[in-house]
Amino acid sequence: MKFPFSIFILILFISGIQPQILNAQPKIVKFSTIDSLLHHRSDSLLVINFWATWCKPCVSELPYFEELKKNYSSEKVKLILVSLDFKREFESRVKPFIEKNNIASEVLLLDEPDYNSWIDKVDATWSGAIPATVVIAGSKKMFFEKEFISYAELENIIKPLIQK
Amino acid sequence: MKTILLSIAVLCCSLLLISATPDAYAPGSKATDFKLKNVDGKMVSLADYKDAQGFIVTFTCNHCPFSKAYEDRIIGLHNKYAAKGYPVVAINSNDKTIAPEDSYEGMIERAKEKKFPFVYLYDESQEIAKTYGATRTPHMYILKKEGKDLVVKYVGAIDDNSDDPSMVTKKYLENAMDEILAGKEVSTSSTKAIGCTIKWKGTK
């Protein structure tokens, strides 16, 4: 009797832990983490999207980033969603939002309130309005201070950059 | 010959593109006056303020969490600097079809709720936000009267902590204001901040 019960527990354990394996847990980070991502140079493509749960245009373009992650999961595409929500709303707002919307991409909440100290380091042309997106492919960096209005618009930028 | 003509054509096109992009105001730019409707129904121009030495212009709105977080501090700026010749002039340029809360009626309501001691103007055509080069809310400009001109002395953020006023360590705008009042050059005349985008007509 003991044996099936332990299998039962094991199944419970695996089914419970699975989503955590699939989805990287959201984390609170300082700018140094983002800065090292921005200096990331490898043969994989990095897409960093700056957003917030309260930002309507950000939320409406999120599905396109999720779709990108889904469609290019086998290829070398790394997607990171940098939340600019307030740190105190991480548990009460950001985490529930991620769960409710089944966000599969990695979410990092950037806790660095002196915006002026780091905006230029992301891109000198960025005014600070969100959404904003950085694409890094090898030595090439592209910056977009805009909302993507369709999945195709986003994919058309990413597709040619992926090394086959 | 064809290649030369083509390159000239390309050059002309690119020059046209460059000149068609309006330049955002930077410190030293001469700012334009305007005539916009206040929440009390009256039309307001900067020229109406005969005694002012300048203005703290803020592009803001009703719905944006950053604008809301800064409302009390903007009221504080007006209370501190209006008597010294620099009243706050708040402008909402958002398209109400994208952000319904930012309609003229919404502005009247918000101004009443928060008892704004300053004018809150509706830039319905979005011309003023475009001319100033405002991109987000709140986006601040300090203008100083110099002869007949309104010269931009500061562009950017209010301070270095939108969420928690008690954690502010750098009062960017107040520092600039105090330097102006002391007759000094503004040491940090341009800063950046995260904010909500101005909701432009036809973008959605």
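Tutor: A pocket here is an open set of grid points with protein on both sides within 12 Å along at least five of seven lines, and its lining residues have an atom within 4 Å of a point. Keep in mind that this is a predicted model.

Student: Which residues lie nearest the centre of the largest pocket?
Tutor: This pocket holds about 490 Å³ of space. Its lining counts 18 residues. Nearest the centre are A:Glu147, B:Thr197, B:Ile198, B:Trp200 and B:Thr203.

Student: Which element gives the largest share of the lining of the largest pocket?
Tutor: By class, that lining divides into 8 nonpolar, 4 polar and 6 charged residues. The largest share is 3 residues, and they come from helix 3 (residues 56-71) of chain A.

Student: What is the volume of the largest cavity?
Tutor: The model has 2 cavities of 30 Å³ or more. Residues lining the largest cavity include A:Tyr115, B:Phe66, B:Tyr70 and B:Arg136. The lining has 9 nonpolar, 2 polar and 1 charged residues. The volume is about 60 Å³.

Student: Which helix gives the largest share of the lining of the second largest cavity?
Tutor: About 50 Å³ of space lies in this cavity. Among the residues lining it are B:Ser67, B:Glu71 and B:Ile74. By class the lining has 6 nonpolar, 2 polar and 1 charged residues. The largest share, 3 residues, comes from helix 2 (residues 65-81) of chain B.

Student: Where does B:Pro138 lie?
Tutor: B:Pro138 is one of the residues lining the largest cavity. The peptide bond from B:Thr137 to B:Pro138 is cis, with omega near -10°. B:Pro138 sits in the loop between strand 6 (136-137) and strand 7 (139-146) of chain B.

Student: Which residue does a cis peptide bond join to A:Ile130?
Tutor: Look at the loop between strand 5 (129-130) and strand 6 (132-137) of chain A. Omega of the cis bond is about 10°. The partner of A:Ile130 is A:Pro131.

Student: Which residues have the most contacts inside the largest nonpolar core?
Tutor: That core has 90 residues. One of the residues with the most contacts is A:Phe50, which touches A:Ile34, A:Trp118, A:Trp126 and A:Ile130, among others. A second, separate core of 24 residues includes B:Leu36 and B:Phe55. In the largest core, the residues asked for are A:Ile34, A:Phe50, A:Trp118, A:Trp126 and A:Ile130.

Student: Is B:Lys115 buried or exposed?
Tutor: B:Lys115 has a positive phi, near 50°, in a residue other than glycine. It is in the loop between helix 3 (104-114) and strand 5 (119-122) of chain B. The cut-off for exposed is over 50%. Relative accessibility is 67%, so B:Lys115 counts as exposed.

Student: And B:Gln126, buried or exposed?
Tutor: Phi of B:Gln126 is also positive, near 70°. The residue is in the loop between strand 5 and helix 4 (127-132) of chain B. Buried means under 20% relative accessible area. B:Gln126 has 1%, so this residue is buried.

Student: How many helices and strands does chain A have?
Tutor: From the N terminus, the elements run α-β-α-β-α-β-α-β-α-β-β-β-α. That comes to 6 helices and 7 strands.

Student: Over which residues of chain A is the pLDDT below 50?
Tutor: Chain A averages a pLDDT of 88, and 85% of the residues score at least 70. The stretch in question has 1 contact in the model beyond near neighbours in sequence. Where pLDDT is low, the predicted coordinates should not be read in detail. The stretch is residues 16-21.

Methods. Residues are numbered from 1 along each chain as its sequence is written. Chains are lettered from A and ligands numbered from 1 in the order in which they are written. This is a predicted model: local features need pLDDT of at least 70, side-chain atom pairs count only at pLDDT 80 or more; totals for chains, interfaces and linings use all residues. Side-chain values use heavy atoms; hydrogens and water are left out. On a 1 Å grid over the protein atoms alone, a cavity is a set of points where a 1.4 Å probe fits but cannot get out, and a pocket is an open set with protein on both sides within 12 Å along at least five of seven lines; lining residues have an atom within 4 Å of a point. Grid points are joined across faces, edges and corners, and a volume is the space filled by probe spheres set on the points. Ala, Val, Leu, Ile, Met, Phe, Trp, Tyr, Cys and Pro count as nonpolar, Asp, Glu, Lys and Arg as charged, and the others, Gly among them, as polar. Helices (H or I, at least four residues) and strands (E, at least two) are DSSP runs, numbered from the N terminus. pLDDT is the predictor's confidence in each residue, from 0 to 100. Contact means heavy atoms within 4.5 Å. A nonpolar core is a set of buried Ala, Val, Leu, Ile, Met, Phe, Trp, Tyr and Cys residues joined through side-chain atoms within 4.5 Å. Buried means under 20% relative accessible area, exposed over 50%, partly exposed in between (1.4 Å probe, protein chains only). Lists of a residue's contacts leave out its neighbours within four places in sequence.
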